[in-house]
Amino acid sequence: MLRRIENINAQTAEQLLGVLPQSLMTAFTLFALLDWCAVDGAWVQSDEQEQVTALVVQKDQTKAYVSVGETADFEELALFLRHLGGLVIHCAPDYTARLGVTPFSRHSFMVLSEMPEPGKEAVSVTDTNALRPVFDLLTQSARAAAGDSVQFRKYSERAFQEWLSRTSRGMLGGYTTVKAVYAAENSLLSAAIADTLGQYVYIRDVATDRDYRKMGYGSDCVRGLCADLKQADNQIFLLCDDLKTERFYQKSGFARQGSVELGIVEL
């Protein structure tokens, strides 16, 4: 049976982490809950014994993240996803076909397997007033990756305020860490952001000014995050969509471990 989650917050994600099947896909789906500004709805599925078997998180009305256990009711989930519409679905490859999803691409989970030397240039950003340059750098990077498409040509003040709300809330709540490299006090060269949830650390954003790439600043930020956040029993991971990016992270001690498929629901 599927039921809607009424209170979406970090505490909810932490509680679900303890009852869902443990996997990188589960963690990836739960991290989506931390971005509550963009979450349109979240639902858990449970069996007759009230054991949680699946989680669905809908974001931005265009995509959904699905974490599924082997004992989940796939028929119910498939019907529910069709009800949500022709969304882009993020799901583990083993389950996309069983959910009626047609995959069109696959991204790799990269997990820290060897502790790198700490970043020499990166410093922690702890003042939320210093986050505007970080947002601008991330949007610059997104614009470049998308080929300067219309959707990235202008970011509204509302977009910044929503991103700021998520990131500053995480910093103040102790589960978001920001590392940055500056050329001077107000000249940001590179930045990386990670969220922590239980034993998982997800590096969700990494960006470097286009004029300062291939100089090691992005690696400094990533290595700085790893040095700050690595503990004996946790996993630091991120998502890559091409081999070039994978090779970049391999130099910082990451290795491929699993994947996530993107697909469209068959209506």
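Strand 9 (residues 187–197) and strand 10 (residues 200–208) run antiparallel to one another and are joined over eight bridges, with Ser 190 having Thr 208 of strand 10 as its bridge partner. Here strands (E, at least two residues) and helices (H or I, at least four residues) are DSSP runs numbered from the N terminus, and two strands count as paired if DSSP finds at least two bridges between them. This is a predicted model, in which local features need pLDDT of at least 70 and side-chain atom pairs count only at pLDDT 80 or more, while totals for chains, interfaces and linings use all residues. Residues are numbered from 1 along each chain as its sequence is written, and side-chain values use heavy atoms, with hydrogens and water left out.

On its other pairing, strand 9 meets strand 8 in the antiparallel sense over eight bridges; the two form a hairpin with two residues between them, and Ala 184 stands opposite Ser 187 of strand 9. Strand 8 also pairs with strand 7, again antiparallel, over two bridges, where Val 123 faces Ala 180 of strand 8.

These strands belong to an open sheet of 12 strands with mixed pairing, ordered 1-2-3-4-5-12-6-11-10-9-8-7. Strand 1 (2–4) and strand 7 (123–124) stand at the edges with a single partner strand each, so one side of each has no neighbour in the sheet.

Elsewhere in the sheet, strand 4 and strand 5 (residues 88–91) pair in the parallel sense over three bridges, and the bridge partner of Tyr 65 in strand 5 is His 90. Together with helix 3 (residues 74–84), strand 4 and strand 5 make a right-handed β-α-β unit, meaning that, with the strands pointing away from the viewer, the path from the first strand over the helix to the second runs clockwise. Strand 5 in turn pairs with strand 12 in the antiparallel sense over four bridges, and Val 88 stands opposite Ile 264 of strand 12.

Where does the second largest pocket draw its lining from? Helix 2 (24–33), strand 4 (63–68) and strand 12 (254–265) each supply at least two residues of that lining. The lining comprises 17 residues, of which Ser 23, Met 25, Ala 92, Asp 94 and Tyr 95 lie nearest the centre of the pocket. A pocket is an open set of points on a 1 Å grid over the protein atoms alone, where a 1.4 Å probe fits, with protein on both sides within 12 Å along at least five of seven lines, and lining residues have an atom within 4 Å of a point.
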